[in-house]
Amino acid sequence: MSYMIGVDVGGTFTDFSIFDTRQGKLSHFKHSSTPEDPSKAIVSGVLHVLTEHCIKPEEVSYLAHGTTVATNALIEKKGAKTGLITTKGFKDLMEIGWQKRPSLYDLLKERPESLIPPGLKCEVNERVLYDGTIDTAMDEDGVREAARYLKEQGVQAIAVCTLFSFINPVHEMRIKEIIQEEYPDVYITISSELVPEFREYSRMSTTVLNVYLGPVMEKYVNRFEKSIIDAGITVAPYVTQSNGSVISIAETVDCPIKTAVSGPSAGVIGASYIANQCNIEKIITFDMGGTSIDVSLIENGKTQLSNERLIEGYPARIPMIDIVTVGAGGGSIGRIDEGGALKVGPQSAGATPGPACYMRGGTIPTVTDANIVLGKLNQRRILGGRMEVDLELAQKALTEHICSKSTLSLMEAAAGVISVVNSNMIRAIRMVSVERGYDPREFTLMAFGGAGPLHACEVAQEMGIKNVLIPPSPGTLCSLGLLMADTKFDISRSNVMIAEKNNIQAVQKIFNQMIEEGKAMLDKEKVDEKDRSFHCVIECRYERQNYEIPIEVDMTMTEDVMKEMIEKFHKEHFKSYGDYNENMRIQMVNYRVSAVGTIEKPDLSEKNVNPDAKVPNVIEVRNVLFEGQKNYLTTNVYQRTDIEPGCRIEGPAIVEQMDSTTIIPPKWVAYTDGFNNIRAAFQGGEKHE
Amino acid sequence: MNRKVDAVTVEIVGNLLLSIAEEIGIAIIKSAYSTNIKERRDISTAVFDPEGNMVAQAEHVPMHLGSLLSIIKEVYKKYPVEQIKPGDMFIGNDPYNGGGTHLPDITVVAPVFAEKKLVGWVANLAHHSDVGGKVPGSTSGDAVSIYQEGIKIPISRVCQNDRVNEEVLDFIMANSRIPKERYGDLNAQIASNRVGMRRLLEAYEVYGDLLLDSMYELQDYAERRLRAGIAKLKDGDYEFVDFMDDAGAASPDPIKICVKISIKGDSMDLDFAGTHEQVEGPINVTYNGLLATVFYALKSLIDPGVPSNAGIYRAFNIIAEPGLIINAQNPAPVGARIDTCMRVADVIFGAMAPAVPERAIAGCNSSCTTAVFSGTNPKDKEHFFVYLETIAGGAGATKHGDGLNGVQVHMTNTSNLPIEALEMEFPLVLVRQYSLIPNSGGAGEYRGGQGICREFEARFDNINFTGLGDRQLFPPWGLNGGENGSGGAYYLKRTDGTIERLPSKCSEVVINSGDTITIKTPGAGGYGKVRNRKAEAVLTDVIENKVSVEKALELYGVKIEKVGNEYRIAG
């Protein structure tokens, strides 16, 4: 008998998904979060689950959670006291960065706060050239002096980043040795080990972010491991990484930065699993909560990855799921600006005071207020009846802040707030699809998060997307996703070479090294030989371009493999940028290997679909104003738990459940499949009529 | 408000048009060939109404704000509307004829037709790294006429029936030192317009003529927003004067830039009478460049959120006689116009400081300090390299805090080329230093931002260096009692140890292996009286080597001592 547990830590609630492997049964549980120490809620929640389900601690065969420790330490600036050692002449690089100002027109905007306290940036005399040759030998005494100085200053962590270390790390490695001799207790990361890729500011910044988080993560991991052992759980816990995989918690101590933007990735893993279950190849995820929406694209079960992103204003060069976040959520605020246009977000009413209708003192209209006025949300109680709302307060907020400052009626104002927030979300969807060379109309929109199912069909219709999928429990898809993850290590190198025969051996050598490294990591994770796989990618560009396109290649580089890679590159270039040129030489720039260890997953079986399933009883009849309609329509409201697989509900209709509300607009039909997903399909012809 | 277009539509269509402009930009950045476009994003893209008024613009560099403003109107002058057909595209770069603000900025525009109805235009502008002229990179510090600054492309039909007219491209390529790169970049510009055309057409299919009504309403909206901001300012006349160092060897005297701003109700006049006449040096500005600068300054000072479209230019009135350096006439050279625009921005900020005290900012480095290195690697003579870099400096302090250090200000915001990318791609130079200069930020209650020191070492013989800068003689001014920041300088150090200070506009300086060019960019002015600066802030500056121990005492009266490795306030 064994149980798998996934835990997703949110700002307000910590969600648990529990899978009983013997009975094949999945259940969910919510617990209040403990922001001061998130592990408290995790441990007490797990204990609660064990008691509730009469599980013995040793029966837990898998425990994974997403940690917000790194994210919070960065937001609250509570990282380690950090020092930096770099090449002479470049200690100000962390401040100069790309020498751009933070806002083009708002000259009062400050740069992000420095992660390194004053006086803790040290320079050493040394210089490596672009081809790896040494121009200036390293001044070892200088390094020793810097190490002693930083020790004396009481730093807890040291980042080391020197120029061209990605091509020849010998100086960085020696600096590390010297620091370890002088100051064995300090947390160190050298850039050539963490991200051996070119572009010095991004590499330095990633290294600094990593050491800034290192000691904090170390402390958390020790504490968490202890409390899990105290609880009697024998399995080593996993943690989510930003690349959409899990890693054993001890590993995060070396690379905490890899967890820093892991928050939304669990939902994407969950979505990917459901897509696979339903044999849907192309999915756009639509995860809308109270303050923002996260959008990403999945094709053939593969999430899109990006290699660099700003975290709290600093670039972090680590592979992560390419998720676009915009400030459009249920709490986003609507207002009329000085020129008379209706704006929605990115400001949010947050949890307190929250939307006006929540009766917590908020008076400013939000997206949720507009949804209540339009009848899309229950006008008396939401969250499955757990929370009372006040329609009149919502009306008042819209009237006072929008109608009085424009020519809009109450109905137009509420509908306008939804149209504008939908248009903001459409921009996010275009960013992950059109801007990356995909046609969104070929995709299914998978909506989750508390507010996703409320907006999904109307957004889809506006974009010409004809299929929407709402998973059975949209509010807990993240904790479910944690049960569905594999473990994965990303390894990279930079070395600019022309894609030609002469370089095949050199490429193979790079890949062999990386695969060895990957094997060592999978050994550490105790992954069986049969569960291992390696995925190799070369990032290529036309000679002298500066944007690379990742091309998957076989792990054995041959003339044919290279030929195939070149063909694929031309094709991808055409797909992304509308042109290609077979006469241009192609450069290989970065090399990546993902070492994947497959983890056993719950098997959620399909239920029998009843071809004669009846539409359930109507729990309420409400007047609802849908997008693009001129008048309120009489609309049936159903309870999600009343709907059995095989049931077809024609729009207009509304389906309510504890953690979400699904809107089925006119001309949409919602079919419930054997996995209890709602599959909504647009039945009309053109999107605008 | 236009009755057909409500508050919701104006927002949604505004977003839509801006996203069209942005998608054109993404397409160019990704597919262009030159570093200047890909890495430094020196481009701008826009959408226009059928009459040729700009309705949305995506730009990464404020200098481009006005650059596209009159391009479509110039097309109409040459090609009456009935001659414009689906599948056409037009190209141009003449700053005196609707092009950008200097010759390297080449614009490509495309009309968008729904069946036979013209529903708008899309356009993009990109800075090309070389368009001929007397020096590599085309912008010469000693040009006395625009004819020395490269090829002038009159408005020409570059595409017809969806086919590229290769003859036009050949003409341009034949006039560039790096023709292959031009070809790649121009094709990227053409292809990316197609992205915009498709999207604008889709938008028209959805909205029909409401799209056109919204385009007109969006211009009214922008005007209303800017006017609403102006109306909040105190009525009155505000004046300011500043100087530029010189206009190069042919015109070595200081150049006066001044403005008188009159605010009355929701309208504003900016009178530049008294400003220097156009000069025989590359720092002249065309009227479009002046418009761009005024808009940038007002947007920053009054309402950073006002959208960039033709409507805003109705909210203010510019008085600048033709023939002034800021309304130059053909054939005045304009290659380095940005430094003058920077100074115009400075005088507007200076004049407006009493009217907008919350957003006022002290004098900034306000120079687009440029270095261009060109030459060949003797081992690989086939490749001719042109490497251009602009180096940031200090930003002025404000009422709210210290100025930013080492940052691009006002009219430019391009990123640097990473040193590792530079040295791999351009084997001409090594970067020996890239750091903030101690004591370069003007003292004050809030310190001005620091300038940057960047040192390049030549790796081969016969490398050509061109420098373009300003604020080397007239330093950035302090505000409300704050002190001035330091000025910039170019130095050449030969291998024999001799050091020469180069003029702020120099070209064709030949350097050889081992010689170094050291570039110091200006800092920025401080804000408020020095005596109000907290001693702890001075101490932190000393620890960070932003201010030396000596200057801490001399400027701030704070005595700091070093005990072991620790600095502390003495006494």
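1. In the hairpin formed by β21(B) and β22(B), 2 residues lie between the strands, and B:G564 takes a positive phi near 65°. Strand β21 (residues 560-563) and strand β22 (residues 566-569) of chain B run antiparallel and are joined by 4 bridges. B:I560 has B:I569 as its bridge partner in β22(B). Strands here are DSSP runs (E, at least two residues), helices are DSSP runs too (H or I, at least four), and both are numbered from the N terminus. Two strands pair if DSSP finds at least two bridges between them.

2. The model is predicted: local features need pLDDT of at least 70, side-chain atom pairs count only at pLDDT 80 or more, and totals for chains, interfaces and linings use all residues. Residues are numbered from 1 along each chain as its sequence is written, while chains are lettered from A and ligands numbered from 1 in the order in which they are written.

3. Chain B as a whole has 11 helices and 22 strands. Its radius of gyration is 24 Å, which agrees with the value near 25 Å that a compact globule of 571 residues would have; the radius is taken over C-alpha atoms, and the globule rule is 2.2 Å times the number of residues to the power 0.38. The C-alpha trace of chain B spans about 80 × 65 × 40 Å along its principal axes. Of the 571 residues of chain B, 64% count as buried (20 or more other C-beta atoms within 10 Å of a residue's own; exposed is 12 or fewer, partly exposed is in between, and C-beta atoms are placed from the backbone). Among contacts in chain B between residues at least 6 apart in sequence, 73% join residues at least 24 apart. A contact requires C-beta atoms, placed from the backbone, within 7 Å of each other.

4. Chain B also holds an open sheet of 7 strands with antiparallel pairing, in the order β2-β1-β5-β4-β3-β6-β7. Its edge strands, β2 (54-59) and β7 (163-164), each pair on one side only. Strand β6 (residues 156-160) of chain B pairs with β7(B) in the antiparallel sense over 2 bridges, and B:Q160 stands opposite B:R163 in β7(B).

5. The contact between the chains takes 57 residues from chain A and 66 residues from chain B. On the chain B side, the elements that each supply at least two residues include α5 (179-207), α6 (209-231) and β14 (429-436). The largest share of that side, 13 residues, comes from α1(B).

6. B:P418 lies in the loop between β13 (380-391) and α9 of chain B. B:P418 counts as buried because it has 20 C-beta neighbours inside 10 Å. Leaving aside neighbours within four places in sequence, B:P418 is in contact with A:R199, A:E200 and A:Y201.

7. In chain A, strand β9 (residues 157-161) and β10(A) run parallel and are joined by 4 bridges, with A:I158 opposite A:I188 in β10(A). β9(A), helix α5 (residues 170-182) of chain A and β10(A) make a right-handed β-α-β unit (with the strands pointing away from the viewer, the path from the first strand over the helix to the second runs clockwise). Strand β10 (residues 187-190) of chain A is covered on both faces: A:Y187 and A:T189 on one side and A:I188 and A:I190 on the other are all buried.

Key:
Contact = placed C-beta atoms within 7 Å.
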